[in-house]
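Me: I am new to this structure and would like to learn how to read it. Can we go through it feature by feature?

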Amino acid sequence: QMKFLESGGGLAQLGGSLRLSCTASGSIEHIYSMAWYRQAPGNERESVAQITNTGYTEYLEPTKGRFTASKDNNLNTLYLQIDSLKPEYTAVYYCNKDDHWYNIDTGSWGQGTQVTVSS
């Protein structure tokens, strides 16, 4: 079972930037689509960005232009660049396989990385 370790979050200023990283315990090269998710307090976890094995990306509408997903297959690592931070981006961010294409094993979730945007 593949596991994920997220990092790069923290306390950031309104309008600032953060780059999140997520390293998988195995190869991600042949996984058709990976995704970044977030869960804000009181909300369900939602997918905010997807990246396919060819590098094609899609984003949750409100994050377009501010979120950029990328990956390095050699490092089995995904990245999420978040620019122009807003308070509503405050959440725990996770990565995993894209649940549009895969059934996600509950035990595969990492601990996430907390992003807190202060105004």
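**Reading contacts, charges and cores**

Reply: Start with one residue and its partners. Setting aside neighbours within four places in sequence, Ala-40 is in contact with Thr-90 and Ala-91. Keep in mind that this is a predicted model.

Me: Where does Ala-40 lie?

Reply: Ala-40 sits in the loop between strand S4 (33-39) and strand S5 (46-52). The C-alpha atoms of Ala-40 and Thr-77 are separated by 23 Å. Along the chain, these two residues are 37 residues apart.

Me: Now the charges. How many salt bridges does the structure hold?

Reply: It holds two. In one, Glu-46 pairs with Arg-38, and the closest N and O atoms are 2.8 Å apart. In the other, Glu-61 pairs with Lys-64, with the closest N and O atoms 3.0 Å apart.

Me: Which side chain of opposite charge is nearest to Asp-98?

Reply: That is Lys-71, 11 Å away. Asp-98 is buried yet has no salt bridge. Look for other partners, then. A polar contact of 2.7 Å joins the side chains of Asp-98 and His-100. Asp-98 lies in the loop between strand S9 (91-97) and strand S10 (113-118). Beyond its neighbours within four places in sequence, Asp-98 is in contact with Ser-33, Met-34, Ala-35, Tyr-37 and Gln-50.

Me: How do I read a nonpolar core?

Reply: In soluble globular proteins, nonpolar side chains tend to be buried together. Here, the largest nonpolar core has 27 residues. Those with the most contacts inside it are Trp-36, Phe-67, Leu-78, Leu-80, Ile-82 and Tyr-93.

Me: Which elements give two or more residues to this core?

Reply: They are strand S3 (18-24), S4, S5, strand S7 (67-72), strand S8 (77-82), S9 and S10. S3 gives the largest share, four residues. Apart from this core lies another, of five residues, among them Ala-35, Tyr-37, Val-92 and Trp-109.

Me: What is Leu-78 in contact with?

Reply: Leave aside its neighbours within four places in sequence. The contacts of Leu-78 then include Leu-20, Cys-22, Ile-28, Trp-36, Ile-51 and Cys-95. Ser-70 and Lys-71 are also among them.

Note on methods
Residues numbered from 1 in each chain as written. Predicted model: local features only at pLDDT ≥ 70, side-chain atom pairs only at ≥ 80, totals over all residues. Heavy atoms only, no water. Contact = heavy atoms within 4.5 Å. Buried < 20%, exposed > 50% of the residue type's maximum accessible area, 1.4 Å probe, protein only. Lys, Arg positive; Asp, Glu negative; His and termini not counted. Salt bridge = Lys/Arg side-chain N within 4 Å of Asp/Glu carboxyl O. Polar contact = N/O pair within 3.5 Å; in protein donor to acceptor, adjacent residues only side chain to side chain. Core = buried A, V, L, I, M, F, W, Y, C linked by side-chain atoms within 4.5 Å.
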